[in-house]
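Please keep the sequence and the coordinates at hand while reading.

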Amino acid sequence: MLRIGVNGLVCIFLFIHCLAGKKARPVRLSTPEVHLAGWNARCLNHADLNGDGLQDLIYFNLNRSRIEILYRCKDGARPPRIRPVEQDRWEPVMKDAPYLEERIFVPGNLTSLAIGDLNLDGRPDLVRASPDEGVFVHFRENNSTWSKPLLIESGRIRPFSGSLKVLPSSKSAAMPRLFIFTLEGLERLSFVNGVPSYPSVLAREDGKRAYGTELADIDGDGFIDWIYLVPDDEDSLKLRLGHETGFGPESSFDLKLSSFPTPYFSKAENERVQFCSIDAVSNEALVFSFDSKNGGEREADQLKVLSYDLFSDSNKETAWVMDDFNGQGWPDLVAADSSFGELLFLPGKPNGKFGMARKVPSLRGISSLHPLRTENNLPPSLLVLSLDEEALGVAQFDPKAKGAFSFPEMLSTQGAPVVACTTDCDSDGLDEILVVTEDDSDFTLETWGLDEKGKPQRLHSYKLQNWRREPADLFPCHLNQDGWVDLLVLSSREAPTILLGDSSGSWIEVAQDSVVRKSFLKGAEANRLGLLVNTKSRRDEILICGKGFVRSVIWQDQDFKVTGQFNSVDQSGYLFAPQRLDLDGDGKDELYAYHSEGYWERLSDVGKLGGIKTGRNQSMTKPLLSRVLQSGKTESLVSMGSSGFQLLGKSSARDLTVQVEARHLTDLPGIRYNGIDSGDFNGDGQADLVCLDGRKNLLEFLSLDTKNQKFSSVLHFRTFEKNMHYQGKKGGAYEPREGLVIDLNGDRLDDLVFLVHDRLLCYYQEGGKPK
């Protein structure tokens, strides 16, 4: 190995035989071809921009605020179909120069570049973007020039180089598409005859650290799926399966990665799409794929989690309701963000999932939603309460309007409505409306029903005593086995008021001196309570969440009686949203509750059977409401939070899992990978890996032994020796900072391109044949 230092770079002639055995061929790389690129050059990309069959290079020169395109020359000849470049007497183009330069001057900064044919004219177009400047498209003209930039209407793009992607038309998409990863999520914009078709379709993901737009058909259904990373999560690898109208819910996988996954093209017998990345915990280079074959081998206690993002992560007030509003036989979801004047309707599906959200104009500042059954054998209406507009109304579902609700018909309450709910007070199969109103600091409980013409009418009023603050919620239940609904009027600070209903429609306050009411139920809001309905005894069991436990109580002998306690393994945290259901499919119901450390836990009154966690700490959304979703014989848990909801259910053999195909831990001292890519670097037809430690400026090449599926190191070297440069300038903390694996010279061999300091380094693989 001969080292010749030039401006801090090391020119190396590499002809290294395999160090791991006879099975791997040697890696042969030329000395680096060096081009001036400018300090802080970024957004390195490539494409055949002029149709000559050779890959051209493109990057952004931050110092000069321009996009620089390097057209590949063939044997020193001038590349065809490019715009003439003004000669520079200070940097003249040599006759044998491998590249001819073109420049596009842009105002401001760039963080992402993407290339693709957006107007179906057979010529690649250029998309550039930055959070401050926005997204622009330069179309390639038929005279080999670039059009004036077209501004794309989109959200604020994320400042990562992989936030833009252009996909061509396909069987599942008739038009080319531009994907933009904005602060709100992944926007998809189709182009018709070169014109963007607004509005864009948004797959919401507004986690601040989420990044990446790897788009590929993972499950083989013909639709593009989306892979991205959330580095802060223990299960950082995320996948959303595509369908006809967009992307489905988020699935998380048990891998914490420190490098964004890149495709790994191998000669494996299976047709699974493979990727390579770096394990953030072990620092191993790994190759993985998504597979469904291992689904049947999982433990019965392992559950799958699907996450649906609907609102911003900063959202705090969200109202939810689940019922069969469209009459198709399975539950739908309706949600409302209090900061908008609209409802979101998600139609249910027979497989226990939900369709795309549809927006419906409604009241602003909605605080609660409830189903209202006013006729037998018909889908329910929707009770809508808005605190901002001090309005309570009933909206009807219109099946002809594609999931739209009518604007609510208002109820003329005596005061401003504060909290409301619906329940069947007299067990006749139809619902009444219970609402607490405030008038000059006096609180009244009003009962509403329908008259003979189907119009809402006030049936009864009851003045609540000793209430100084607004109630937090209403909790209807059956306590005393008389068939009439009873009610807990909840407070966020004080003990609730317990009201027993009677045949006259009036209420009787009880349990004023009850320890359960004054202590266990003090400050308990709706998401700390659960209900076990017992139709045989006509008496419900109330579940009360506390610190490290859930207690069950019944009404007996004019007081509450504790019938059981279910402890959490970690009793330092509070529990919420208890539900009893059969999640694991064993035919027995278990009690689940959300732990304040960010996971769901299966509880039991017997220590050995309880304490089974679902999800890692802080991986689950805190529920405002939870419900059991029945789909055939399968039960799932729906956990509804402030920004979206999660489905927890039993894993099946059809569910995708991550299959790690191979791992490799470097034996080089002090080396920790931070980047990875793949290519055939020794001409054996099998994909190899190139791993980068940017802090130590080192590259290591790994070759795969196909018999034992193990990688071995065949070559490593540093790209430069000293980080010192002209006028004291230094490179970044990680150098090389960007790289590509492509065929630079058309010899059918993978070559390497790196941005290092203010230079572009090209390493050619030797031994190929030109096309």
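## Basis of the description

The model is predicted: local features need pLDDT of at least 70, side-chain atom pairs count only at pLDDT 80 or more, and totals for chains, interfaces and linings use all residues. Residues are numbered from 1 along each chain as its sequence is written, and side-chain values use heavy atoms, with hydrogens and water left out.

## The sheet from β5 to β60

An open sheet is built from four strands in the order β5-β62-β61-β60, and their pairing is antiparallel. Strands are DSSP runs (E, at least two residues), numbered from the N terminus, and two strands pair if DSSP finds at least two bridges between them. Because β5 (33–36) and β60 (738–742) each have a single partner strand, these edge strands are left with one side that has no neighbour in the sheet. Neighbouring strands of this sheet are turned by 20° against each other on average, direction ignored; the axes behind this value are lines fitted to C-alpha atoms, and angles run from 0 to 180 degrees between N-to-C directions.

The antiparallel pairing of β5 with β62 (residues 759–763) extends over four bridges. Within it, H35 has L760 of β62 as its bridge partner.

## The sheet from β56 to β59

A further open sheet has four strands in the order β56-β57-β58-β59, with antiparallel pairing. Its edges are β56 (675–679) and β59 (710–718); each has a single partner strand, so one side of each lacks a neighbour in the sheet. From one strand to the next, the twist averages 25°.

Five bridges connect β56 with β57 (residues 688–693) in the antiparallel sense. The bridge partner of G675 in β57 is L692.

## A buried strand, β24

In strand β24 (residues 285–291), seven of the seven residues are buried, that is, under 20% relative accessible area with a 1.4 Å probe and protein chains only, where over 50% is exposed and values in between are partly exposed. In a regular strand the side chains alternate between the two faces of the sheet. A285, V287, S289 and D291 point one way from β24, while L286, F288 and F290 point the other way.

Strand β23 (residues 274–278) runs antiparallel to β24 and is joined to it by five bridges, with Q274 opposite S289. The hairpin of β23 and β24 has six residues between the strands, and N283 takes a positive phi near 65° there. β24 also pairs in the antiparallel sense with β55 (residues 657–664), over seven bridges, where S289 stands opposite Q659.

## Cavities

A cavity is a set of points on a 1 Å grid over the protein atoms alone where a 1.4 Å probe fits but cannot get out; lining residues have an atom within 4 Å of a point. The whole structure holds three cavities of 30 Å³ or more. The largest cavity contains about 60 Å³ of space, a volume being the space filled by probe spheres set on the points, which are joined across faces, edges and corners.

The lining of the largest cavity consists of L186, R188, V201, L202, A203, G246, F247 and M356. Two or more residues each come from β16 (185–192), β17 (195–204) and β21 (246–253), and β17 gives the most, with three residues.

## A loop residue, N326

N326 lies in the loop between β26 (318–323) and β27 (332–337). This residue is buried, with a relative accessible area of 16%. The N326 side chain reaches the backbone nitrogen of Q328 at 3.2 Å.

Technical notes. 1 Å grid on protein atoms, 1.4 Å probe; cavity = no way out; pocket = protein on both sides within 12 Å on 5 of 7 lines; lining within 4 Å. Polar contact = N/O pair within 3.5 Å; in protein donor to acceptor, adjacent residues only side chain to side chain.
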